[in-house]
Amino acid sequence: MGIKEPVTVTVTGAGGQIGYALLFRIASGAMFGPATPVRLRLLEIPAGLKSAEGTALELQDCAFSNLDSVEVTGNAERAFDGTNVALLVGARPRGPGMERGDLLAANGAIFGPQGAAINVGAADDVRVLVVGNPANTNALIAAAHAPDVPAERFTAMTRLDHNRALGLLAGTLDVGVASIGNVIIWGNHSATQVPDISHAILTGADGSQRPLPDALAEALGGTDKVAAWLEGTFIPRVAGRGAEIIEVRGSSSAASAAAAAIDHVHDWVLGTSGSWTSAAVLSDGSYGVPRGLVSSFPVHSRNGAWEIQQGLSVAADVRARIDSSLKELEAERDMVKSLGLI
Ligand code: NAD
Ligand code: LMR
């Protein structure tokens, strides 16, 4: 197979913690595979430029064979000129005791101008992943400033929540993460998110499949124990993991966030081949999620586009949780409207 054209990837906040965990993995081929060269554009504000420049020096020193070039800039229009994949990471992280929504006023103002710069110069096939918090609503802001880019190209990251759910289930069942499928994260990347295992399946070593809740009932000692475990352990643990990392590590998740960003873009571009995952995408009204909100759904990717997995039953307790996450997303949308950000 011949060498392909380089993919241009712009990473904002490139001098920060996630940037440092993300850029080397993109350059090493983890995002698009080893046959696709990457051209990296690193966007920073003045205070972060030196750090991004240092990262660029180290990228060069890695001698990655498919790293075409690295450019550091403080100019958003230059950073997004011709970009195929925009990873909007640059934003302030929350500290202990804060909710991600508390960052809306501080971070929201970043995403309008970046959406506008994407609108002006990005490649026709541009795909945008917002990582900076509050990610769902920041994606909404960026999309609102890019009227010439199809709004469904603006997505937000809930893959980290999805991966956290996989990790917790795998540990509890003492199985490998690859044997677990069809977990869902619904709603906002916030404490109201809804990790849902109603449709999850477990694949055994012999290839046989069974409902994951049945396996959980066996592991926990009865069907009645499953509901209590979901309510008391699984859901709060997954939804509260970001805060747990901040408390234990002293700063917000970085390497796991970078890994999730790689997974999201990899699957979006290369497809999910029969399985599904979770991503926050523009709602088309599916599952009663108001059109126009950027909310997490079960999704698969085909021909380079996310599609919402249709036709799944939603249990009453899950429905109630989704509705409260949607209320929060609507409140965030109303707040950015009132701040004049959309
Ligand atoms: P960090 O403070 O280490 O780095 C952020 C970087 O962004 C800094 O270098 C800063 O200079 C830069 N920046 C700020 N404004 C910018 C702008 N307008 N343009 C370009 N760069 C800008 O933070 P981090 O740990 O890398 O986290 C970044 C964001 O990602 C935070 O908002 C954090 O809450 C969020 N996050 C989201 C997820 C998720 O799952 N969606 C997971 C982890 C972290
Ligand atoms: C995370 O989920 O780790 C990030 O969104 C950071 C945070 O504030 O929790």
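The contact, which means heavy atoms within 4.5 Å, is made by I18, A21, L22, R25 and I26 of α1 and by A255, A257, A258, A259, A261 and I262 of α10. The axes of α1 (residues 17-27) and α10 (residues 255-270) come within 8 Å and cross at roughly 40°. Those axes are lines fitted to C-alpha atoms, for helices over the stretch in contact, with angles from 0 to 180 degrees between N-to-C directions. So α1 and α10 are oblique to each other; under 35 degrees would be roughly parallel, over 145 roughly antiparallel, 65 to 115 roughly perpendicular, and the rest is oblique.

Quick housekeeping. This is a predicted model, where local features need pLDDT of at least 70 and side-chain atom pairs count only at pLDDT 80 or more, while totals for chains, interfaces and linings use all residues. Residues are numbered from 1 along each chain as its sequence is written, chains are lettered from A and ligands numbered from 1 in the order in which they are written, and side-chain values use heavy atoms, with hydrogens and water left out. Helices (H or I, at least four residues) and strands (E, at least two) are DSSP runs numbered from the N terminus.

Next, the sheet. Three strands make an open sheet in the order β7-β10-β11, with antiparallel pairing; strands pair if DSSP finds at least two bridges between them. β7 (180-181) and β11 (209-211) stand at the edges with a single partner strand each, so one side of each has no neighbour in the sheet. Between β10 (residues 201-203) and β11 there are 3 bridges, and T203 sits opposite Q209 in β11. Lying across β7, β10 and β11 is helix α7 (residues 212-220), at about 75° to β11.

Now, which residues of α5 are buried? They are A135, N136, T137, N138, A139, L140, I141, A142 and A143. Buried is under 20% relative accessible area, exposed is over 50%, and partly exposed is in between, with a 1.4 Å probe and protein chains only. That makes 9 of the 10 residues of α5 (residues 135-144), so this helix is largely enclosed by the rest of the structure. For contrast, take Q60 in α2 (residues 46-62): at 58% relative accessibility, Q60 counts as exposed.

β12 and β13 run antiparallel, joined by 6 bridges, and T277 has V299 in β13 as its bridge partner. In β13 (residues 294-302), 8 of the 9 residues are buried, so this strand is also largely enclosed. β13 then pairs with β14 (residues 305-308) over 4 bridges, antiparallel, with R302 opposite A305. Their hairpin has 2 residues between the strands, and there N303 takes a positive phi near 50°.

And I want to finish on S278, in β12 (residues 277-282). S278 is buried, at 1% relative accessibility. Its side chain makes a polar contact with the side chain of H162 at 2.8 Å; that term means N or O atoms within 3.5 Å, and within protein one must be able to donate a hydrogen and the other to accept it, with residues adjacent in sequence counting only if both atoms are side-chain atoms. The backbone nitrogen of I185 lies 3.0 Å from a polar atom of the S278 side chain. Beyond four places in sequence, the contacts of S278 include T158, R159, V183, F297 and V299.
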